[in-house]
Amino acid sequence: MSAKRCASYYNATIKQESDYPELEGDIRVDVAIIGGGFTGVATAVELAEKGYQVALLEANKIAWGATGRNGGQVTGSLSGDAAMTKQLRRQLGQEAEDYVWNLRWRGHDIIKNRVAKYGIDCDLKFGHIQTAYRPAHMVELQQMFDEANRRGMGELMTLVPAHEMPAYLASPLYHGGLVNRRNMHLHSVNLCLGEARAAASLGAKIFEHSQVLDIQQGELATVVTQKGRVKANSVLIAGNAYHKLGRPQLRGMLFPASLGNCATAQLPADLAKQLNPQDLAVYDCRFVLDYYRLTADNRLMFGGGTNYSGRDPKNVAAELRPAIERTFPQLKGVDIEFAWAGMAGIVINRIPQLGKIAPNIFYCQGYSGHGVATSHIMAEIMGQAIDGQMREFDLFAAMRHIRIPLNEWFGNQALALGMLYYTLRENWR
């Protein structure tokens, strides 16, 4: 039995709800994709544009999982960028730094161009500020600003000293910030639903309420659901933290972490303008950070407090309210109308995981809380790989990852302890 959509702001403001059938009977396609979030849907678009016959299978509804539960921020922040660069030097040499820098912005262009090409109404806006929660964070932001200037992106960046912050955010918390006009924010569910409609318009077959129970290997792989089967030349597992497929090969590699998010009641237009005059998306420099933005209808959407135990918070709104009121004392007692949580796929070294569990069965997962942009980048790489262009896929497939033995519970406890260490270290900065 598939689950209903969660009670999120996104799901309450869907422009055009999906209504795809459940898979019944047997079908034959070029590629079967398992998972109807950003990775699966964006890869379906990539492949359908290349002329492939695609079947996409979603256990619940399109954008049901982490894709429909995030903060909606599209930023150039790559989890694991330092570890990624270090490993890529073995393969790319001095080009590794340039490759990672360009990778940061690639998802932005994919999303922006796709929204324009297919006329997707997803409240896309430009502008983001990363804030210095502590004075020491300004050193990090200065380094980021200097690199942007060195790479010709300086005209899109503004380094903001503490005394100028009121022009950007009416919050007492911050010691400065870095504005990035290339970064974006958007309505995640409407983007994914729009991309699904684009894939369907190109001939992709999309099925909801069709949980995959088994993948049978062979020259033609067979994907099995309760009521049907899909035979395909290639299969992509794109369920991230919401599946248990591909075992034992994928065991101990990815761990679910719960991200809490909420949205306030609609704010008066003048108050929304006062709080965030330039309508920027925001997150701070801490390892476990807060992130927020205004929605199209003037609500404050606010997330943070990642739970690395793998369990959802008991009361998301109650846990996030103190952070909201600390950030904006003007909102003390504000009504929180929507609160929800979602499972992000956390990788120990924070590098996205691409690979195969069989010659024609691929997987793509693990964006560690930065999935909106990164999923679209990896979907482009997966589309190329399934089309036979393996260069970038091979770069990521060759990455060394840390596999935690025993069971998932043990892995999540180890991850929680590690995050506690980083939080304590941050508090002493």
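**Cores, helices and loops in a predicted model**

Asn298 is partly exposed, at a relative accessible area of 24% (buried means under 20%, exposed over 50% and partly exposed in between, with a 1.4 Å probe and protein chains only). Asn298 sits in the loop between β13 (291–294) and β14 (300–307) (helices, H or I of at least four residues, and strands, E of at least two, are DSSP runs numbered from the N terminus). Although Asn298 is not a glycine, its phi is positive, about 65°. The model is predicted: local features need pLDDT of at least 70, side-chain atom pairs count only at pLDDT 80 or more, and totals for chains, interfaces and linings use all residues. Residues are numbered from 1 along each chain as its sequence is written, and side-chain values use heavy atoms, with hydrogens and water left out.

Asp123 also has a positive phi without being a glycine, near 55°. Asp123 falls in the loop between α4 (95–118) and β4 (125–131). Asp123 is also one of the residues lining the largest cavity (on a 1 Å grid over the protein atoms alone, a cavity is a set of points where a 1.4 Å probe fits but cannot get out, and lining residues have an atom within 4 Å of a point). One cavity of 30 Å³ or more is counted.

The largest nonpolar core holds 62 residues (a core is a set of buried Ala, Val, Leu, Ile, Met, Phe, Trp, Tyr and Cys residues joined through side-chain atoms within 4.5 Å). Ile62, Leu88 and Phe396 touch the most other members. Helix α9 (residues 371–386) contributes the most to this core, with eight residues. Apart from this core lies another, of 30 residues, including Cys262, Ile324, Ile336 and Ala341. In soluble globular proteins, nonpolar side chains tend to be buried together. Beyond its neighbours within four places in sequence, Ile62 is in contact with Arg5, Ser18, Tyr20, Gly36, Val41, Leu56, Cys192, Leu193, Ala196, Ile206 and Glu208 (contact means heavy atoms within 4.5 Å).

Val41 belongs to the buried residues of α2. Helix α2 (residues 38–49) has 12 residues and spans 16 Å from its first C-alpha to its last, close to the expected 16 Å (the expected span is 1.5 Å times one less than the number of residues). Of these 12 residues, 11 are buried, so α2 is largely enclosed by the rest of the structure. The buried set is Phe38, Thr39, Gly40, Val41, Ala42, Thr43, Ala44, Val45, Glu46, Leu47 and Ala48. Just after α2, Gly51 has a positive phi of about 95°.

Helix α5 (residues 137–150) has 14 residues and reaches 20 Å, close to the 20 Å expected. Its buried residues are His137, Met138, Leu141, Phe145 and Ala148. They cover an arc of only 95° around the axis, which puts them on the same side of α5 (the arc is that of the directions from the helix axis to the C-beta atoms). An α-helix has 3.6 residues a turn, so residues three or four places apart point the same way. Exposed Val139, Gln143 and Arg150 lie on the face of α5 turned away from the buried side. Gly152 follows α5 with a positive phi, near 80°.

Thr67 is buried, at 10% relative accessibility. Thr67 lies in the loop between β2 (54–57) and β3 (73–74). Outside four places in sequence, Thr67 touches Gly37, Phe38, Ser188 and Cys192. Tyr242, in the loop between β10 and β11, is partly exposed at 32% relative accessibility. With neighbours up to four places away left aside, Tyr242 is in contact with Trp64, Gly65, Ala66, Arg69, Gly342 and Met343. Pro248 is in the loop between β10 (228–237) and β11 (255–264). The peptide bond joining Arg247 and Pro248 is cis, with omega about 5°.

Ile27, in strand β1 (residues 25–34), is partly exposed at 21% relative accessible area. Ile27 and Lys205 are 178 residues apart along the chain, and their C-alpha atoms are separated by 9.9 Å. Neighbours within four places aside, Ile27 is in contact with Ala55, Lys205, Phe207, Arg229, Val230 and Lys231.

Key: On a 1 Å grid over the protein atoms alone, a cavity is a set of points where a 1.4 Å probe fits but cannot get out, and a pocket is an open set with protein on both sides within 12 Å along at least five of seven lines; lining residues have an atom within 4 Å of a point. Grid points are joined across faces, edges and corners, and a volume is the space filled by probe spheres set on the points.
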